Structures are given as C-alpha cells and as structure tokens.
Amino acid sequence: MSGERTTAAGGMETSYGFKRVGAGDKQSLVNDVFHKVANRYDLMNDLMSGGLHRLWKDAMVTWLNPPKRPGWKVLDVAGGTGDIAFRIIEASDRQAHATVLDINGSMLDVGRDRAEKKGLSENADFVEANAEELPFADNSFDAYTIAFGIRNVPRIDVALSEAFRVLKRGGRLLCLEFSEVEMPLLDKAYEAWSFNAIPKIGQAVTGDGEPYSYLVESIRKFPNQANFASMITRAGFDRVSFRNYSGGIAALHSGWKL
C-alpha cells in the first residue's frame with residue numbers, strides 16, 4: 001500500500017499503517033500496539049509530537065470550556081490513560097463526570113491507577129468497549145472527546161455516527177488528531193523526523209520500534225483536515241470547524257449536534 005492519504009471516501013478500515021489488511025483484521029493489530037505502549041503512553045506522544053501534545057491537549061480542553069456545575073457529562077473515547085478526561089475534570093473544578101472508554105484493557109488499567117492517585121475516581125468511570133459500538137443510550141452525553149485515537153478506529157464513519165447518536169442535542173464533538181502539515185519547509189522536516197527518527201528512538205527506549213513505525217504511518221494515511229471535516233459533517237454534525245496547531249502537525253476538529 002502506498003503512503004498516500006486516505007480521503008473522506010474511506011480507506012483507513014483496511015490500512016494498518018502502509019500495509020493493506022483484510023476487513024476486520026485491523027482492530028486486533030492496533031490492540032497489540034497499544035498493549036505494548038500502554039505504560040509508556042506519555043513517552044509515545046512525546047516522541048510523536050516533541051512534547052507539544054501536552055499544549056495541544058490543554059488547548060482542546062480550553063476550547064471545550066466545560067462548565068463548573070454538577071451533572072455535566074463527557075465521554076472521552078480512546079482515552080484509556082485519562083489524559084484528556086482528567087484535564088476536563090480539573091477544568092470544571094471537579095464538577096464534571098467523565099466516562100473514559102477504550103477498547104484496550106491495558107490502557108484502561110493505567111487510567112484507573114492514575115485516577116486513584118489523583119483522587120479523581122469519583123469523577124470518572126472506565127469502560128472497555130469499541131468506539132464503533134458504544135454501549136450507551138441515545139442522547140446520553142454533553143460532550144464527546146477523542147485525542148489521537150480516531151485514526152486507529154477501523155471504521156471512522158461508524159465511530160462518528162455513534163458519537164452523534166450518544167450526544168444530547170446541543171452536545172459537542174471535539175477530535176484532536178495528527179494531521180497534514182501545511183507549511184512547506186516544516187512538512188519536509190517533520191516527515192523526515194517521523195519516519196527516520198521516531199521508530200529508532202522507540203526501539204532504543206522501549207526495545208520495540210514496530211509500534212512506532214505503525215503510528216507514524218497511520219498519521220500519514222489519515223485524511224487531511226478538509227476531508228476529515230467532511231466526514232464529521234456527513235455524520236450529521238453542524239457548525240463543523242477545525243484549528244491547526246504547529247503548522248498542521250495536529251488539528252482540532254469541532255462539531256455540534258443541533
């Protein structure tokens with residue numbers, strides 16, 4: 001398979017990085033990656049972003065602006081370690097309740113331990129489930145967040161439809177994901193760093209460079225900003241927009257269920 005980006009028409013469901021896999025095979029391969037990196041999740045994101053993911057996540061929560069009142073509920077998908085959920089809870093003065101959903105039990109184990117250490121166990125619960133088949137009733141949540149996880153979901157269109165279904169009217173989707181660099185010099189430098197350095201650093205630090213090769217390739221395959229915005233709109237969301245961070249290395253997409 002080439003390194004060309006997929007489009008709004010699809011393609012990620014059979015793309016394991018640059019390798020083409022059979023329908024239904026991608027999920028187990030991705031699960032193996034995250035079992036391997038669960039205990040080094042922050043290190044993984046530091047390698048992928050040069051540490052900037054922390055600033056991007058803070059910006060995501062600032063744009064979400066969770067209210068400081070009880071009863072407000074957010075579903076954080078593919079957020080097993082709690083990185084986004086804990087930020088949201090703290091931004092709400094510990095009023096919000098976060099349901100952290102992940103298909104990977106190893107990631108959720110890390111999140112539960114972190115929640116206990118932070119004293120946030122009463123504000124968060126952890127659910128092992130698939131983003132394509134959310135185990136929640138319609139109109140259950142005020143917000144749906146997902147950070148650096150949507151590109152690992154095989155059927156992205158199905159996951160977005162599920163996000164729309166479980167959101168209340170007036171609810172909001174926020175999706176932070178690595179995207180297409182839009183600055184001519186930066187794109188070359190970032191691509192060289194990603195493909196040449198990150199897998200080698202991953203190998204040196206964790207003893208296994210393969211997960212990092214997949215993650216770099218999955219970024220390159222993911223639809224660019226405009227195409228992903230089209231997918232969000234097609235799922236039913238209104239007022240779809242996005243913000244680029246660091247020249248497009250990452251993009252934060254927003255949509256509303258109106």
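**Around the histidine**

Mentor: His-97 sits in strand β4, residues 97–102. Strands here are DSSP runs of E, at least two residues, and helices are runs of H or I, at least four, numbered from the N terminus. One caution on the source: this is a predicted model, where local features need pLDDT of at least 70, side-chain atom pairs count only at pLDDT 80 or more, and totals for chains, interfaces and linings use all residues. Residues are numbered from 1 along each chain as its sequence is written, and side-chain values use heavy atoms, with hydrogens and water left out.

Trainee: Is His-97 buried, exposed or partly exposed?

Mentor: His-97 is partly exposed, at 24% relative accessible area. Buried means under 20%, exposed over 50%, and partly exposed is in between (1.4 Å probe, protein chains only).

Trainee: What is His-97 in contact with, beyond its sequence neighbours?

Mentor: Leaving aside neighbours within four places in sequence, His-97 is in contact with Trp-72, Lys-73, Val-74, Glu-122, Asn-123, Ala-124 and Asp-125. Contact means heavy atoms within 4.5 Å. Take Trp-72: it is 25 residues from His-97 along the chain, yet their C-alpha atoms are separated by 6.4 Å.

Trainee: OK, strands next. How do β3 and β4 pair?

Mentor: β3 and β4 pair in the parallel sense, over five bridges. Two strands pair if DSSP finds at least two bridges between them. As an example, Val-77 has Leu-101 in β4 as its bridge partner. The chain gets from β3 to β4 through helix α4, residues 83–91, and this β-α-β crossover is right-handed. Right-handed means that, with the strands pointing away from the viewer, the path from the first strand over the helix to the second runs clockwise.

Trainee: And which bridges does β3 make with β6?

Mentor: β3 and β6 (residues 141–147) also pair in the parallel sense, over four bridges. Asp-76 has Thr-145 in β6 as its bridge partner. β3 itself, residues 73–77, is mostly covered, with four of its five residues buried.

Trainee: Which residues of α4 are buried?

Mentor: Asp-83, Ile-84, Ala-85, Phe-86, Ile-88 and Ile-89 are. After α4 comes Asp-93, with a positive phi near 60°. Arg-94, in the loop between α4 and β4, has a positive phi too, near 65°, and is not a glycine. Arg-94 is partly exposed, at 36% relative accessibility.

Trainee: Switching to charges. How many salt bridges are there?

Mentor: The structure holds 13 salt bridges. That term means a side-chain nitrogen of Lys or Arg within 4 Å of a carboxyl oxygen of Asp or Glu. One of them joins Asp-58 and Arg-87, with the closest N and O atoms 2.8 Å apart. Asp-58 is in helix α3 (residues 53–64) and Arg-87 is in α4, so this pair ties together parts 29 residues apart in sequence. Both also belong to a salt-bridge network with Lys-57, Asp-83 and Arg-114.

Trainee: What about pairs within one helix?

Mentor: Asp-109 and Arg-112 form one, with the closest N and O atoms 3.2 Å apart. They are three residues apart in helix α5 (residues 105–118), so about one helical turn separates them. Glu-162 and Arg-165 form another, at 2.7 Å between the closest N and O atoms. Those two are three residues apart in α6, again about one helical turn.

Trainee: Why do residues three or four places apart point the same way?

Mentor: An α-helix has 3.6 residues a turn, so residues at that spacing point the same way.

Trainee: Is Glu-162 buried or exposed?

Mentor: Glu-162 is buried, at 12% relative accessible area, whereas Arg-165 is partly exposed, at 22%. The buried residues of α6 (residues 156–166) include Ile-156, Leu-160 and Phe-164. Their cover includes β3, β6, β7 (167–178) and α9 (225–234).
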